[in-house]
Each structure stands twice: as C-alpha cells, then as structure tokens.
Amino acid sequence: MAIIRYVDKGEFSAAFAFGEITKKIFTGEYVGAWLIMLIYGLIVASVLSSCNSRTAIGGFIIAVSSTTVFAQVYAEKH
C-alpha cells in the first residue's frame with residue numbers, strides 16, 4: 001500500500017504516511033483482496049512449482065496481479 005500511495009501522490013514521503021496507509025489497509029476491501037490474493041498465489045505457486053524457472057515466472061505473475069488488485073482497492077477508497 002505504501003508503494004501504491006507513493007505512485008499516486010508522486011512524493012517519496014507519501015510512502016511513509018503511516019496514518020493514511022493504515023486507514024486504507026484496515027478496511028474490509030483490502031483484507032478481502034489480501035485473502036483472495038493469498039489463495040490465488042498459493043494456487044499459482046502450486047501449479048508452477050514443478051520447475052525452478054516456472055517458480056520465478058509464477059512469482060512475477062503473483063506480484064503483478066496482487067499489485068493490480070491492491071491498486072484497484074486503493075483507487076476505490078481514494
């Protein structure tokens with residue numbers, strides 16, 4: 001959430017506005033998105049875990065997907 005806030009505000013200090021960040025992360029939407037992405041990540045990791053290179057690809061897919069979902073939650077709350 002700190003990185004998303006930094007990108008949104010365009011100021012490095014925005015990533016350290018802990019009061020604003022905690023207001024966003026302690027919401028039902030964010031916790032729900034986190035749980036969904038946790039399950040999604042476990043599924044992707046288990047499907048692609050048969051080979052080391054696939055694990056790296058799976059990590060990239062999970063990172064991009066979760067950042068997208070968390071950014072959407074941030075945008076809805078903004």
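Helices here are DSSP runs of H or I with at least four residues, and strands are runs of E with at least two, both numbered from the N terminus. Residues are numbered from 1 along each chain as its sequence is written. You're looking at a predicted model, in which local features need pLDDT of at least 70, side-chain atom pairs count only at pLDDT 80 or more, and totals for chains, interfaces and linings use all residues, while side-chain values use heavy atoms, leaving out hydrogens and water.

**Stop 1: the whole chain**

You'll find 4 helices and 0 strands, running α-α-α-α from the N terminus on. The C-alpha atoms fill a box of roughly 40 × 25 × 15 Å along the principal axes.

Now colour by pLDDT, the predictor's confidence in each residue, from 0 to 100. The protein chain averages 87, and 94% of the residues score at least 70. Helix α1 (residues 2-9) has the highest confidence, at 91, and α4 the lowest, at a mean of 85.

**Stop 2: helix α3**

Select residues 28-47, which make up helix α3. Its 20 residues reach 29 Å from first C-alpha to last, close to the expected 28 Å; that expected span is 1.5 Å times one less than the number of residues.

Next, pick out Tyr-30, Ala-33, Met-37, Gly-41 and Val-44, the buried residues of α3. Buried means under 20% relative accessible area, exposed over 50%, and partly exposed in between, with a 1.4 Å probe and protein chains only. These residues cover an arc of only 75° around the axis, so they sit on the same side of α3. The arc is that of the directions from the helix axis to the C-beta atoms.

On the face turned away from the buried side of α3 are the exposed residues Gly-28, Ile-36, Ile-39, Leu-42 and Ser-46.

Stay in helix α3 and click on Trp-34. Trp-34 counts as partly exposed because its relative accessibility is 43%.

**Stop 3: the core**

Show side chains for Met-1, Ile-4, Ile-21, Tyr-30, Ala-33, Met-37, Phe-70, Val-73 and Tyr-74: these 9 residues form the largest nonpolar core. Helices α3 and α4 (52-77) each supply at least two residues of this core. A nonpolar core is a set of buried Ala, Val, Leu, Ile, Met, Phe, Trp, Tyr and Cys residues joined through side-chain atoms within 4.5 Å.

Zoom in on Met-37. Leaving aside residues up to four places away in sequence, Met-37 touches Ile-62, Ser-65, Ser-66, Val-69 and Phe-70. Contact here means heavy atoms within 4.5 Å.

**Stop 4: two more residues**

Go to Lys-23, in helix α2 (residues 18-25). With 58% relative accessibility, Lys-23 counts as exposed.

Then hop to Gly-59 in helix α4, which is partly exposed at 37% relative accessibility. Gly-59 and Gly-19 are 30 Å apart, C-alpha to C-alpha, and 40 residues apart in sequence.

Buried residues make up 23% of the 78 residues in the protein chain. Among contacts between residues at least 6 apart in sequence, 55% join residues at least 24 apart.
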